[in-house]
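Here are a few exercises to work through with the model open on your screen. Try each task before you read its solution.

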Amino acid sequence: MKRDPGCPCARPPQAWSAGGALAIPLLRRLVALLLALAGLGLSPPVRALNSPGLDPIMADQIPRDVVAAMALDGGGMLWLATGDGVARFDGLHLQPMELSEGTRPAKRNLGWVRALLAGRDGRVWMGTETRGLAVYDPHQERLHLLEPDAGGQPTLLALAEDREGAIWSGGQYGGLRRVRLQDGRIVAAGQWHADGRPGSLPDERVLALALDEAGRLVVGTGAGLVRREGERFEELAPELAGRRVQALYRLRSGALWAGTAEGDLLRLDAQDRRLHLPPSAAGAVTALTEPVAGELWVGRERGIEQRDADSGALRQWWRATPLQPGGLRGDVITELLSDGQGVTWVAGLGVGLQRHDRRNVAFRVRGPDPDPGSPLGNASVRALLQDRDGRIWAATETGIAVLDEDLGTAHAGPRLPARVEAMAAGPDGRIWLAGLNVLHEVDAGGRLLRTLRHDGGNAQRLLYSRDGRLWLATSDGLWLLERGARALRRVGREDGQPLRGEIHALAVAPDGALWVGSSYGLLRLPLGRQALARVESPPGQRLGHSVVIGLLFDRAGRLWVDTGVSGLHRMTAWDGRQARFDRIGERLGAAGRPFGANLLEDGQGRIWSQMQVYDPATDRLRAIGYADGVRIGMPWFFAYTALRDGRMLFGGTQGILQVKPDAWAGEPIRPRLRISGIDVDGRAVAVAAAAAGPALEVPARTQRVSIQVALLGVADAGRLRYQYRLDGLDTQWQASLPGQRQLSLLQPAPGAYTLRLRAAPQAPELQLALRVLPAWWQTRWAWAGAVALLAAAFFGLVRWRTHQLLHRQRELEARVQERTQALQDSSLTDPLTGLRNRRYLQERVEGDCAAARQRVGQPAADLVFFLIDLDHFKQLNDAHGHAAGDAVLQQIRSRLQAVFRASDAMLRWGGEEFLVVARDSDRSQAPEIAERLRACMAAQPFQTPAGNLHVTCSVGYAAYPLAPAWPQALSWEDTLAAADAALYAAKEAGRNRWQGLEQIDAPADQLHALLTADGPGRVVRRGP
């Protein structure tokens, strides 16, 4: 059989045998062993588009980038065994999970957990290093040790659940154990050891467990593979005798794969036929999974192998390429897990947690080569071209890289003294390369033929027209190289003046006319003419913005135009003098940013850029981004090309994006929403129990109900919004903040409510029913009694108490009005601190922002968002109690009032986090205010029941509008996100600090990218 070219360690699978292994001659064994040893020092050739496409998840949250085990519970939550205990991933953050009992944090922490198992009943089982078996019960929100009083126990390495719901466990020593629970207590237990008798375990070390298709227990031990038959254990694979079988996995077909620490793989089908694959150069087998039917992933100590699930034939071997987008972060794999939704999770030592989303097959990234000396060691690709031989030319910051059609290994192109910004291919195979004030001509082999100079500045676009002329768009005008000419000439305007300024886009119409996009509009050069004419349009049908950055004539001859601010347009009519346009971007709500400049058409007539896709057939426009696999850093305008096979390429600062339009589903991957936590006045409520009942009963006079929302199944949940609605309070759907985890109901009035969550308008809903109980005086009987009493008093005293009753009635009406006003105020106020709450901000912030936009450039016209977070507040609560923490929170209001004005909005944002919106402010004074605030918090201790406590804070701020040149380009939510990022940076820098983003001076299309990432144009202040 042919060896897989992607890996030097590939072997042909051995023949099937029934009832025993096929005899292999000694010479053949020696040859296989020598081949394996020879392969240990080799690495497979790295091909970026053949990388697994793995996203790093929570790279800054997993301690030491170590994950020992994983499990996916019935609600879709991922459980991780990290270096600091067990945690649960809600799609945004890790939630540490501790034992429910224990007075000290060290006692509540499980320490090293080496095995995790999600049970069918919703429980999550954990095999610890020294404390035995632990279990999490979602119906009670309780995590406890099964035998808390037992002493040091064997390190548990393997868990399995049989058809009766019993749990099997085994570890480094101690043999095999089975326990069955009822009402959370052990009702049956059994123990099996390696005692040397016939039918006993071959070894005390139990390293892996699985159930075969018939429900029989298969055990991987330190001395081979056995299966439980009745009360006996029978050897399954003589080939693995004496080997440490530490990975087992049952395929969808029912066949079982086993892997050893020595590197063997063995497949066992329902008829006990075996396929044995000897060790490979990738080393020990540590984990197995089947992402899709017929495909086996093998985790090893040196990367991941992708194999055929039936034959075992090797397809790919992925090694650690941490600098490559989508590459594996480390070699040592500890666990692989497929969730059934198209996502495969990868965990390991130095790997942390990564995810592979098979649903994103339309987008792949060709990242930098690991070798910095490679032609594509620098992957900031500023121009792209496919030559007539099918090769891909990529102009980077450091030179030209030439790749094959699969974007594989890069070869060096022609060496030129300056950076290339634009490329074009002639029909004779020659390539034209343009840079700053220079144009090079090279042959198909890359040999420099000639160099032409011009004074147009930086090159933006090159276009080779059908009549043999070469057009060069530059930062200062349009230039033309006639066929056979020896020099470039500047193209002029109708009035005889030279065309100056930035030229961004070029396109040739079906009639041969050249259309030109510039910083001051759209121009046209008819075939046979020498001067450019401005394209005019009637009022109401003009372009929405004058800066034209992208042009495309589709196969039907229609012109598509992208502008700097109002996005995509389609020319609907051209009468030779005037053009009429449909402002698609504005009409579909995508104004305020470009479509993407790099316009291409796919085989279905859809218009693409690296930022958005528009389908004329459905009139739908959809943004694409990180969640879809567009991970090339900042995309470069004018770095794109369409390949002959229908693929599209786009260049960015971190590589080349390959798009296969035919593989694109057209719909975004929506998060799966789950409720991960419920808190009623600080008391945790079991989510499973609340969801199972008709309604969650909330006690009377409750101050706060908090719902934690998990966003599962997407790569960038922190950037996504969802919608929520509380029936009984809200009349319309509300949009969450990006990545918002918590929803709160403050001082709910008695009544029935239903919380409804959805990822998008057409997405399925998640619902939680709530019933807030009334106080006794709010009950129907109390009101009925009061009414009856008033009626009796009225009829009994009507003759001589008329005046008194009328007076009393007026008093009651006044009190009701006061109470109503008080209730309205309380709905906007946090009860603990007396500060305003989030609802207050949502009701007023739009008016404040509108006023700030109208006064841009005037003195004291800014809004400044200050986010304040108390440092180490959780430790304060743990050390001194919640009463001390509440006392600190109650004193925050006076500290804020000492720094800010009465006209500023001061809010409790959540927990120990506060928000102040300083109105009518000057952003240049924000550093001084932030320092005063920090000093005010730290200067004096807080008086608490536990004594005087010193508490510091960290501050992040951002000014609105962040981009004064584009006041409507960034919303207040974007500004708040920037302040949150600044707060996070201040805490990362050591706490008791402040950091702020005062302004962004950049083109509109770059503003969102600069919100939380460093780059030119950001004005950032830090202190102290």
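A nonpolar core is a set of buried Ala, Val, Leu, Ile, Met, Phe, Trp, Tyr and Cys residues joined through side-chain atoms within 4.5 Å; buried means under 20% relative accessible area, exposed over 50%, and partly exposed in between, with a 1.4 Å probe and protein chains only. Keep in mind that this is a predicted model, where local features need pLDDT of at least 70 and side-chain atom pairs count only at pLDDT 80 or more, while totals for chains, interfaces and linings use all residues. Residues are numbered from 1 along each chain as its sequence is written, and side-chain values use heavy atoms, leaving out hydrogens and water.

**Exercise 1. Find the residues with the most contacts inside the largest nonpolar core, and say which elements supply this core.**

Step one: the largest nonpolar core has 33 residues, and F865, L915, W972 and I1000 have the most contacts inside it.
Step two: look at who contributes. Elements supplying at least two residues each include α7 (838-854), β68 (862-870) and α11 (972-988). Helices (H or I, at least four residues) and strands (E, at least two) are DSSP runs, numbered from the N terminus.
Step three: click on W972. Skipping neighbours within four places in sequence, W972 is in contact (heavy atoms within 4.5 Å) with L737, L841, V845, E846, C849, F865 and Y960.
Step four: apart from this core lies another, of 31 residues, with I892, L896, F914 and I929 among them.

**Exercise 2. Describe how helices α9 and α10 pack.**

Step one: α9 (residues 882-899) and α10 (residues 926-939) pack at about 145°, with axes 9 Å apart. The axes are lines fitted to C-alpha atoms over the stretch in contact, and angles run from 0 to 180 degrees between N-to-C directions.
Step two: list the contact. I892, R895, L896, A898 and V899 of α9 meet I929, R932, L933, C936 and M937 of α10.
Step three: sort by class, and you get 8 nonpolar, no polar and 2 charged residues. Here Ala, Val, Leu, Ile, Met, Phe, Trp, Tyr, Cys and Pro count as nonpolar, Asp, Glu, Lys and Arg as charged, and the others, Gly among them, as polar.

**Exercise 3. Is M906 buried or exposed, and what does M906 touch?**

Step one: M906 lies in strand β69.
Step two: its relative accessible area is 11%, so M906 is buried.
Step three: not counting residues up to four places away in sequence, M906 touches L835, R836, L896, Q897, F900, R901, L915 and V916.
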